[in-house]
Amino acid sequence: APVIHRADYRPPEWLVPEIALDFALSLTATHVRADLEVQRVGTASGPLRLDGDGIAAKSVLIDGTAHNDWYMDGDSLIIDLPGERHTVTIETEINPAANTQLSGLYASGGMLCTQCEAEGFRRITFFPDRPDVLSRYTVRMTGEKAAFPVLLSNGNPVASGDNADGTHWAEWHDPWPKPSYLFALVAGDLVASRDSFTTRSGRRVDLAIYVRAGDETRTGHAMKALIDSMRWDEDVYGREYDLDLFNIVAVADFNAGAMENKGLNVFNTRYILADPETATDGDYDAIEGVVAHEYFHNWSGNRVTCRDWFQLSLKEGFTVLRDQQFSADMGSAPVKRIEDVRILRAAQFPEDSGPLAHPIRPDAYQEISNFYTATVYNKGAEVIRMMTVLAGPERFRRGTDLYFDRHDGEAATCEDFVRAIEDGAELDLGQFRRWYEQAGTPRVTATLTHAGDTATLVLSQTVPATPGQPDKQPMVIPLRTALFDRATGQHRGEQLLVLTEPEQTFTFPGFTAPPVLSINRGFSAPVAIDLPMETADLVFLAAHDDDPFARYEAMQQLMVRHLVAAVSGDLPDEARGEGLAAIRDVYASVLADAALDDLMRGELLILPGEGYIAEQLAQADPSRIHAEREALKRWLGSQLAGPWQALHDRCTAVPYSLEAAARGARKLKTQALVYLAASDPVEAARRAKAQYDAADNMTDRQGALMVLAGIGTAECDEARRAALADFHARFAGNALVIDKWFSIQASALHPDTLAHVTALAAHPDFTLTNPNRVRALYMAFAANPQAFHAADGAGYRMIADLILKLDPINGNVAARFVPPLGRWRRIEPTRAALMRAELERIAAAPGLSRDVREQVSKSLE
Ligand code: HT7
Ligand code: ZN
């Protein structure tokens, strides 16, 4: 496949200021007529090039007359045009029901909907399908009134009517010029939940969430999130909504989470529908975050869009930061920060250290869909967050105001964003730009020494080599730092240390005794810190640090160090005993600390993930990591059995509500079961069954089922099977909950998980055509280390088989399963060979999608 390079960007030679689309809708044969007002740019002399993908032109008219002066160049339609402005009319016919890729116009449960980002519009009609061509859209849809009573597109409805033949039509107009990736159309039998929001300048905005009949009772949380987001974006970023209506549609078949089409966001049902019986607290949080994210794109993405897809992080990194800040303001900011860092470490750090590593602004791609990554999204957000750390909130806001003012209505670049922050916040970001250029997670080594009354901190940094980038330059790394006085348990104020050189020394006078270093507080920079620290000092920070993230981090470090030493065979019995005791004592004090709220307590009591432990090792043995982590869990379960049981009892008494205290209790309730299950499965199964049977909400029910599903003890098997059967029967027909049923089993600790997943793939409820169901079973499985890394390679084979089977159906989703196999270089040699062999088997298959081919070939390089 051709490689597209950022350096090759050329501005368009033709613009399309206006487009009128006319759809004659049908599930199997939708007829599309597109009228493009095209305009030559300056003195450009080339022909008009229109992108297409899998479509054929039934007719081409130029200025109203049939024309033969066009030809196909691969998938592109090329027209030689004599003048400066013309009207080009093209007719195409598409089959939405056959569109299993879910890109372009497709059918989902009898409705029609679109997904155009990144390059789906060219599957509907021929067009310069690139984000720097902005057009005003007028859209007319005609369809059977019975099948498609609701007809929606971007902007405002302008006219509608009935025809004598049982069809009806509607016309929509979007006043805001937009790139084709933000076009949307929805036609179906849907009902709306409605509300309204009045903007700060007094504009009343009608809000509607369209769902299938019966689901409208589960839209309240999404609607609240939308209204909260609209208010928050006015308050925090000064951004007001700009149309008279804002529509959301929930669709069951969707490749991603949601899509920010102008005025018509389309959502995966998973990020809209919730009620206490069917959605967990985590689901509620995800809905709030995704609704906000898509809404915030109205400014960061739509009003200011991207010049080209290499600039994707311009809208995604910034919008992720904005949704993270919003969720922090809506709930617990420290807990949100810890969760976001956990996601970054679990999803992005491995990307940065693997064969698919790329900068947040990539330099080249074959298939852009493969670049909707944790790097572009989550590391992109961290990079802009560092600007907020360097500038402070007021100056940063001046920068974003300038950015929106300067580039409103434009297709901008990451460089435009950085320059606006520099100018608005009065900040020099010269060297900082390397964060956009260099891939890889920087490593900072910190050494603290003490002599006389001075503490000296030496910081050095390295950025690891990544594919195509063997040599790296030093980064700007802002590290919020504090030095604690052991005697008082206090520090004298936090300092921001900005590391810019390969090595720098900072001195701190006035310490008569060696202080304890707390560094990268709040995770102010997305780096790994190497800091040789005494266990006692980590215990000190875990107990005393006033920065909640740093406290969490001290606990994580305590456990990571112990586990890394244990799996490396580097832990003599005595040290193992001391390490375990220290961890137990810190756990005991966290369990007993009355000053902690339960949501935060829950964070402090989370064991480091197996993937994160593996990241610390040059080559990991997943079975050793799993065994050692389970051993630690068992130790904590047995040593603290009484406190865990007391905690479970206390939290069980808290009634259901969405308040933080009740949510904290639910989080801890299942955590207590997890630790108990490791040490006393029979008692844990008894408690889990009781929790399951008494559950009046999905958080408790799912937590209990997850624990039961993981217990392999024979005497608990009947309870495990009964609960799984009950869950399936109770929620039959509710697709989102049946997804949970699949993923609970695929992520279970149970020793027979691989066989269970094989059986589940043949279950009548399983289908490869619904991405949520595929992810529920197989993403959960690929993220389950002991099952995926089965010593005989059966887990790798299962994922490779899936990729090969799914690829012809949906290459975009299939490609998402390659990265777990692509980590082979960081796994012990026997498994690495098995993983590589599966990648080679995929690579040898004929007719692979561009998506899978790019990921597999890079993973083998
Ligand atoms: N901007 C949206 C991206 C998206 C997407 C990308 C590739 C394939 C399917 C897709 N659906 C939505 C989502 C977002 O970041 O808001
Ligand atoms: Zn986004």
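Which residues is Val249 in contact with, leaving aside its neighbours within four places in sequence? They are Cys113, Leu152, Val186, Leu190, Tyr210, Leu264, Val266 and Phe267, where contact means C-beta atoms, placed from the backbone, within 7 Å.

Before going on, a note on the model. It is predicted, so local features need pLDDT of at least 70 and side-chain atom pairs count only at pLDDT 80 or more, while totals for chains, interfaces and linings use all residues. Residues are numbered from 1 along each chain as its sequence is written, and chains are lettered from A.

Back to the core. Val186 and Val249 have the most contacts inside the largest nonpolar core, which has 247 residues. Such a core is a set of buried Ala, Val, Leu, Ile, Met, Phe, Trp, Tyr and Cys residues joined through C-beta atoms within 7 Å; buried means 20 or more other C-beta atoms within 10 Å, exposed 12 or fewer.

Next, domains. The assignment, automatic or from a database, gives domain 1 (14-189), domain 2 (305-437), domain 3 (443-532) and domain 4 (731-861). Between domain 1 and domain 2, the C-alpha centres are 32 Å apart. Eight residues from domain 1 and nine residues from domain 2 make the contact.

Last, Gly468. This residue sits in the loop between strand 26 (454-462) and strand 27 (477-485), strands being DSSP runs of E, at least two residues, numbered from the N terminus. Gly468 is exposed because 12 other C-beta atoms lie within 10 Å. Its C-alpha atom is 9.0 Å from that of His358, 110 residues apart along the chain.

Technical notes. Helices (H or I, at least four residues) and strands (E, at least two) are DSSP runs, numbered from the N terminus. Two residues are in contact if their C-beta atoms, placed from the backbone, lie within 7 Å.
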